[in-house]
Amino acid sequence: MISVEQALEKILSCVDVLEGEQKPILDTMGQVLAEDIYSTIDIPPLDNSAMDGYAVRSEDTRGATQQSPRFLRVIDTVMAGSISECEVEPGTAIRIMTGAPIPKGADAVVRFEDTDETERRGTPGKTGILGEVKAGSDIRRAGEDITRGSTVLRKGVVIRPPEVGVLASLGRSKVTVIRRPTVAILVTGAELVDINQPLPAGKIYDSNTYSVAALVRRHGGISKILGVALDSEDSLVAMLHQGLDADILITTGGVSMGDYDVVKDVLAKEGEVVFWKVRMKPGKPVAFGKIKGATKAGIARNILYLGLPGNPVSAMITFELFARPAILKMMGKKKLAKPTIEAVIEEPIINEDGRRIFARAIVEKRDGQYFARLTGPQGSGILTSMTLANGLVIVPEDKPRVKKGDIVQVMMLDWNEES
Ligand code: AMP
Ligand code: MG
């Protein structure tokens with residue numbers, strides 16, 4: 001049986017970064033930029049005012065104080081979006097609003113707060129300057145944010161709201177990003193019923209389709225739900241063929257040692273099995289391989305196949321460990337690992353069979369230190385435990401027990417991540 005690291009390495013060695021696609025900037029959040037972005041303009045385009053006030057010649061404010069204002073004649077008003085046709089000559093000022101271009105002749109802005117304006121003692125057509133300003137005061141220089149010709153964003157950057165804003169400031173409406181992978185999801189099990197159907201005796205609702213699709217979406221993929229296959233090769237093969245235009249095909253269930261566990265055989269027939277067991281708990285039966293698929297345009301290619309275990313908790317945890325990094329790599333991301341922290345464990349954990357345990361835990365910070373406690377019973381069918389957990393305590397395969405108070409590694413499931 002291979003280790004978690006070996007399994008991940010085998011998977012990632014089969015993953016290629018996908019091609020780029022042009023999209024409206026607002027639709028690219030979380031995707032990776034596939035082109036360098038240069039600016040063809042200065043931003044701001046012109047020197048402009050940082051404040052509402054008066055554009056002046058700084059030398060005209062020399063000696064101005066509260067007690068003895070320097071009076072300047074107001075010759076024009078300029079608002080953001082307009083350019084004043086007047087020039088500030090000695091002894092004059094132009095009323096100016098934030099963002100408006102600095103008029104000719106002026107070299108500083110005096111904010112309204114530093115004039116007699118706010119005290120309502122001004123004289124019409126004049127402004128009393130109540131303090132000295134230096135040349136350049138409250139002027140935002142042309143190109144101080146972005147200079148024309150410079151590289152503003154580099155290939156490989158993940159698009160977040162600030163990048164969307166910067167692209168908009170350059171006047172870019174579309175941008176090339178690495179496309180999102182399509183992940184086809186097929187669940188197996190004669191006991192499964194879709195959530196839109198009544199529940200007959202002996203059956204259960206299919207939750208894996210939905211938890212896996214939610215995970216795919218959370219990590220930036222596009223989910224393609226194929227539905228429920230029965231536990232027979234024929235049913236599985238027929239449904240699987242609906243997903244061969246995807247980038248990854250994920251199945252759940254039918255991958256262990258039971259009489260009706262046909263996933264492995266189907267994978268062997270339709271493609272190639274790379275491994276099907278990993279030394280971990282939950283989730284020992286995880287199959288990985290490649291299967292013959294075709295692009296939407298009909299060009300033959302291999303697609304990745306991940307056969308996750310059927311147990312709802314195991315399916316989610318093996319997804320986090322193996323499917324998530326594959327999706328992220330396809331999307332061109334560099335950081336593939338979940339953040340891991342050290343915490344004090346508040347209860348013992350026994351590791352009976354030398355596998356790596358991923359125990360669902362609640363992690364809290366108290367007095368600058370992380371503490372982790374288990375969510376309760378760790379059965380891999382107890383899906384509600386995943387709603388309580390924000391991390392997975394890792395017990396290494398060579399560690400038969402962890403004592404209360406030991407320091408453990410915790411892989412965080414929710415860590416500065418917003419839903
Ligand atoms: P299997 O891996 O097919 O042996 O399934 C292991 C356990 O997970 C069984 O109890 C199944 O009923 C359950 N299970 C399998 N697939 C799903 C699913 N899609 N939704 C909910 N439970 C499932
Ligand atoms: Mg089954």
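A residue is called buried when its relative accessible area is under 20%, exposed when it is over 50%, and partly exposed in between; the legends below apply this to a predicted model.

**View 1. Ser137 in its loop.** Ser137 is placed in the loop that runs between strand S8 (126–129) and strand S9 (139–140). Because its relative accessibility is 21%, Ser137 counts as partly exposed. Ala108 is 29 residues away from Ser137 in sequence, yet the C-alpha atoms of these two residues are 4.9 Å apart in space.

**View 2. The surroundings of ligand 1.** Ligand 1 sits in the second largest pocket of the predicted model. Two elements, strand S12 (182–188) and strand S14 (204–205), each give two or more residues to the shell around ligand 1. In total, 15 residues surround ligand 1, and the closest are Glu191, Asp206, Ser207, Gly254 and Gly310. Sorted by class, the shell around ligand 1 is made up of five nonpolar, eight polar and two charged residues.

**View 3. Backbone contacts to oxygen atoms of ligand 1.** In this view, a backbone N or O atom of Gly254 lies 2.9 Å from an oxygen atom of ligand 1, while a polar backbone atom of Gly310 is 3.1 Å from an oxygen atom of the ligand. Asn311 also takes part through its backbone, with an N or O atom that lies 3.3 Å from an oxygen atom of ligand 1. Of the 480 Å² of accessible area that ligand 1 has on its own, the protein covers 77%.

Key: Residues numbered from 1 in each chain as written. Chains lettered and ligands numbered in written order. Predicted model: local features only at pLDDT ≥ 70, side-chain atom pairs only at ≥ 80, totals over all residues. Heavy atoms only, no water. Near = heavy atom within 4 Å. Polar contact = N/O pair within 3.5 Å; in protein donor to acceptor, adjacent residues only side chain to side chain. Areas by Shrake-Rupley, 256 points an atom, 1.4 Å probe, with all protein chains shown as cover. 1 Å grid on protein atoms, 1.4 Å probe; cavity = no way out; pocket = protein on both sides within 12 Å on 5 of 7 lines; lining within 4 Å. Sits in = over half its atoms within 2 Å of the grid points. Helix = DSSP H or I, 4+ residues; strand = E, 2+ residues; numbered from the N terminus. Nonpolar A, V, L, I, M, F, W, Y, C, P; charged D, E, K, R; others polar. Buried < 20%, exposed > 50% of the residue type's maximum accessible area, 1.4 Å probe, protein only.
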